Amino acid sequence: MSVARVVVVGASSGGIDALTRVAAALPPEFPAPVCVVLHTSAQSPGVLDGILDRAGPLRAHAVVGGERPQGGHIYVAPPDRHIVLEPNRLRLTKGPRENRFRPAIDPLFRSAAQVYGPAAVGVVLTGNLDDGTAGLWAIKQLGGVAIVQDPADAAYPSMPQSAINHVKVDHVVPLQAVAPLLARVVSTPPYEGGRVVSERMHIEMKIAKEENPADAGVEQLGPPSTYACPECHGVLLQVEEEGRVRFRCHTGHAYSADSLLAAINEAIEDALWNTVRAIDEGARYIRHLADHLQPHDGARAERFALEASQAKTQSEAVRQLVTGREAIKAS
């Protein structure tokens, strides 16, 4: 293997500022490659590599696939692609979304654990929900180093707090201490003892690399749950790791417990807003009929006007329900 260590970093909300500050503080002689995932939409213009390239002394690149990772370089996942590590190269995939994102943090972290074992260093920064927790857990299981931004120092503390709650992390530090800590960690040799990569990790990495989940052995991950995948509506399998529950469907979409709840809530809100739209459209049409009939058939026009009024009342009730849900989530 061409490098002694690899650093993998994940961030979400607030991540551009956090990653910029880390990149600015890394020393020019930093000996390890740094692979970065920031949650972005598929339509994102993909400018993070340019931002990080200008921020500090290390060259930053958007991964195109097939690169040999080199020390002193930052490799950024482009929009709508997972980045995974393979022996001596970086690979882009359009595997199933995990925790509602592609790129997602967990596939990168798992691949670092699988390929580099104790030489992997995982870093979870600011973000909502809990992507990165399962991947950081995999890094620790295979002897790597787990670093988490102090939630009290994070713009969005949920992601680092989840990692702390579920992983025996090695270091919890404020953002300004991340780069100096990484410089110290990668300058020391990794723990020599190795651990066996689990069959579960092999299966999940095959799925991330676009292998058919059925051929990869997805059904071995756990028993069927009573829940449906919010994205494809297939049955979700329940994956348990030391008391923590995750889910993955036969198509390969993966969810933590928190991201599944967020996806379900989003689907409920979409359905409610669609209901509001449908009722409002019906009410407008009925009102139009009432206005059209008024000069010719007053009785029918009055009945239609009453129906339109009732529809407006129903629409307002549903609207208050959905806005009430949003207010509860925000509080």
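Predicted model: local features only at pLDDT ≥ 70, side-chain atom pairs only at ≥ 80, totals over all residues.
Begin with Cys 35 and Leu 85, the residues with the most contacts inside the largest nonpolar core, which has 36 residues. Next select helix 3, residues 105–116, which gives the most to this core, with seven residues. Returning to Cys 35 and leaving aside neighbours within four places in sequence, you will find Cys 35 in contact with Val 6, Val 7, Val 8 and Val 9, and also with Tyr 75, Ile 83, Leu 85, Leu 90 and Leu 108. A second core of 32 residues is separate, and Ala 11, Val 34, Leu 52 and Ala 60 are among its members.

Now turn to the one aromatic pair that the structure holds. Select Tyr 227 and Phe 247, whose ring centres are 5.8 Å apart and whose planes stand at 85°, so the pair is edge-to-face. Tyr 227 belongs to strand 10 (residues 224–228) and Phe 247 to strand 12 (residues 244–249), and the pair, 20 residues apart, links distant parts of the chain.

Finish at Ser 256, which lies in strand 13 (residues 254–256). Ser 256 has a relative accessible area of 8% and is therefore buried.

Conventions. Residues numbered from 1 in each chain as written. Heavy atoms only, no water. Core = buried A, V, L, I, M, F, W, Y, C linked by side-chain atoms within 4.5 Å. Buried < 20%, exposed > 50% of the residue type's maximum accessible area, 1.4 Å probe, protein only. Helix = DSSP H or I, 4+ residues; strand = E, 2+ residues; numbered from the N terminus. Contact = heavy atoms within 4.5 Å. Phe/Tyr/Trp six-rings, centres within 6.5 Å; stacked < 30°, edge-to-face > 60°.
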